[in-house]
Structure formats: structure tokens, C-alpha cells
Amino acid sequence: MISSGLCLYCSEPIVEGEPLGDVSNGTVHRECLIRMTAGSLGHQQQKCSCFGGQEEDPPGLTVREAARAAADYFDRTAQEDPPPADRFERLDWMERRSGNNERAGDYYDRNGLPLSLGEWARRIEDPNYKRVALTNFGPLAVSTVWLGMDHSFARFLPPGAGADRRPILFETMVFFLDPVTGEWISDDTKHELAGEQHRWHTLEDALAGHETVVQYVKDNILPPEAVESIRDLLTTVYKVEEDQ
Ligand SMILES: [Zn+2]
Ligand SMILES: [Zn+2]
């Protein structure tokens, strides 16, 4: 019995009872979804152009048959190399399984040592690891955090361009506590110092830079009385609007 649809990948009919893979805009065969996500047999075996080879789908097969070959290989190797239970280790497993090795090298720990995606994800969720320094001045806060993902564009430049290629791994940002919403905001619509942002290569630079920004805020912040009167003014303004 043939159902109404054709597979979006191979264009063959989808037969009722066959295992399927859902994609956001329709349905495909399970093997076709695996071929779409894990890649061709050649790609999974790292013999394709991504790895300097020429093999993609095996020659002489239909689209569907090539998808089956890719799915068979995927299932076979998944038994030998099953997904780890730990969700961070599973990120690394997925990268390894999809042959995406280009990411390695873009993530670094606080000391500038390379991390895998999974190791980075585990640390970025740990507030104690992420936080480098935090200094509060009433409604303003200077926050310095470890980003871990290289935010430098220099790595995209051609070799020999003479750029500083050290990864940028830390960020200092000034936040303002919005008296109306009670949220910390990082744009200067409510306070001229909010959103002040600097990025740093190393932990040492980040710690020194944090102190520089703290001093900058100290030198430019309004006295507490002025902050109080602005807060009163804002409250009054919003109260007036509420009453209308
Ligand atoms: Zn299909
Ligand atoms: Zn490939």
C-alpha cells in the first residue's frame, strides 16, 4: 500500500509501515535522513573530498540505494562506537561521527589550551568556570567572563597577513540594572556606560582589563544621589504613563 507522499530526498514513494525520518518540511525515508545528515558512504569512511579523497556515493546506485549504503554503514559503525550517555561526550561523538574535525582548535580553556566541543560545553555551563570577575556599583556592574570560543577574526585571514592570531577568549561588559524592569541590560538606551565592551586574549589580560574598565566606570559614573534622582524620575515618568 502506497501512502500519499514521495520522499523529499530520493523522490521514491513512501510505503506505509516503512521506517521514516521526519524533517521540518516533510517526510523522508529513514535511510535518506541518515544520508542527508551523516553524509555519503565515502564521507563517513573519510574517503571523500572533505578528506582529500574522491569517493562519495558508491557508483551505479540509485539515490535510494546509495542512501541505504550510507545508512547500513552508519548503523554498523554505531554498534561498534555507540553514543555515550554523557551529553557532553555525545557532542564530541557526533562531531567525530559526522567527520567534522574542522571545529577542533576553535575552543580553548581559561589557560588557552585547546578543548573539544564537548569539553567546552561542559565548562560554559559552569558559572564558576565562566565567571572571571564581577564588580558592582549600585545599578552598574562590570562583568568579565571566559567565552572559550575563539572570537578573533584573524583566523580567517590568509597566512602571512601579519595579524595577531592568538585566540580571543574573554569579554568584559558593563551592565545596567533597569530600575523599571529589574533586568540587567547591556545596551546604552538606559545608561550611557551600559554595553561598554572589551575582549581579551588571555586570563591575565582579562583580569587587568577588568580593573581598567572598573576604573573607567568609577571615573564616569554619576554620584549615588544623581542615580537615585534618575531612578525617581524614571519611576515617576512610568507611573504617569500608567495613570493615563
Ligand atoms: Zn527516500
Ligand atoms: Zn565529505
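Here's a quick tour of the fold of this protein, taken one topic at a time. Keep in mind that you're looking at a predicted model. The protein has 244 residues, and 20% of them are buried. If you take contacts between residues at least 6 apart in sequence, 51% of them link residues at least 24 apart.

**Strands around E9**

- E9 and E10 make a hairpin, with 6 residues between the two strands.
- Check out Gly-182 in the turn of that hairpin: its phi is positive, at about 75°.
- A handy thing to know when you look at strands: in a regular strand, side chains alternate between the two faces of the sheet.

**Nonpolar cores**

- As background, nonpolar side chains tend to be buried together in soluble globular proteins.
- In this model, the largest nonpolar core contains 14 residues, and Cys-7, Tyr-9, Cys-32, Ala-67 and Ala-70 have the most contacts inside it.
- Helix H1 (30-38) and helix H3 (63-80) each contribute at least two residues to this core.
- What does Ala-67 touch, leaving aside its neighbours within four places in sequence? Its contacts are Tyr-9, Cys-10, His-29, Glu-31, Cys-32 and Arg-35.
- There's also a second, separate core of 9 residues, with Tyr-108, Trp-146, Ile-168 and Ala-206 among them.

**Helices H4 and H5**

- Two packed helices are described by the angle between their axes and the distance between the axes.
- For helix H4 (residues 87-97) and helix H5 (residues 117-124), the axes come within 7 Å and cross at roughly 150°.
- That angle is over 145 degrees, so H4 counts as roughly antiparallel to H5.
- The crossing of H4 past H5 is right-handed.
- On the H4 side, the residues that meet H5 are Phe-88, Glu-89, Leu-91, Asp-92 and Glu-95.
- On the H5 side, their partners are Leu-117, Gly-118, Ala-121 and Arg-122.

Technical notes. Residues are numbered from 1 along each chain as its sequence is written. Chains are lettered from A and ligands numbered from 1 in the order in which they are written. This is a predicted model: local features need pLDDT of at least 70, side-chain atom pairs count only at pLDDT 80 or more; totals for chains, interfaces and linings use all residues. A residue is buried if 20 or more other C-beta atoms lie within 10 Å of its own, exposed if 12 or fewer, and partly exposed in between; C-beta atoms are placed from the backbone. Two residues are in contact if their C-beta atoms, placed from the backbone, lie within 7 Å. Two strands pair if DSSP finds at least two bridges between them. Helices (H or I, at least four residues) and strands (E, at least two) are DSSP runs, numbered from the N terminus. A nonpolar core is a set of buried Ala, Val, Leu, Ile, Met, Phe, Trp, Tyr and Cys residues joined through C-beta atoms within 7 Å. Axes are lines fitted to C-alpha atoms, for helices over the stretch in contact, and angles run from 0 to 180 degrees between N-to-C directions. Angles under 35 degrees count as roughly parallel, over 145 as roughly antiparallel, 65 to 115 as roughly perpendicular and the rest as oblique. A crossing is left-handed if the near helix is turned anticlockwise from the far one by less than a right angle, and right-handed if clockwise.
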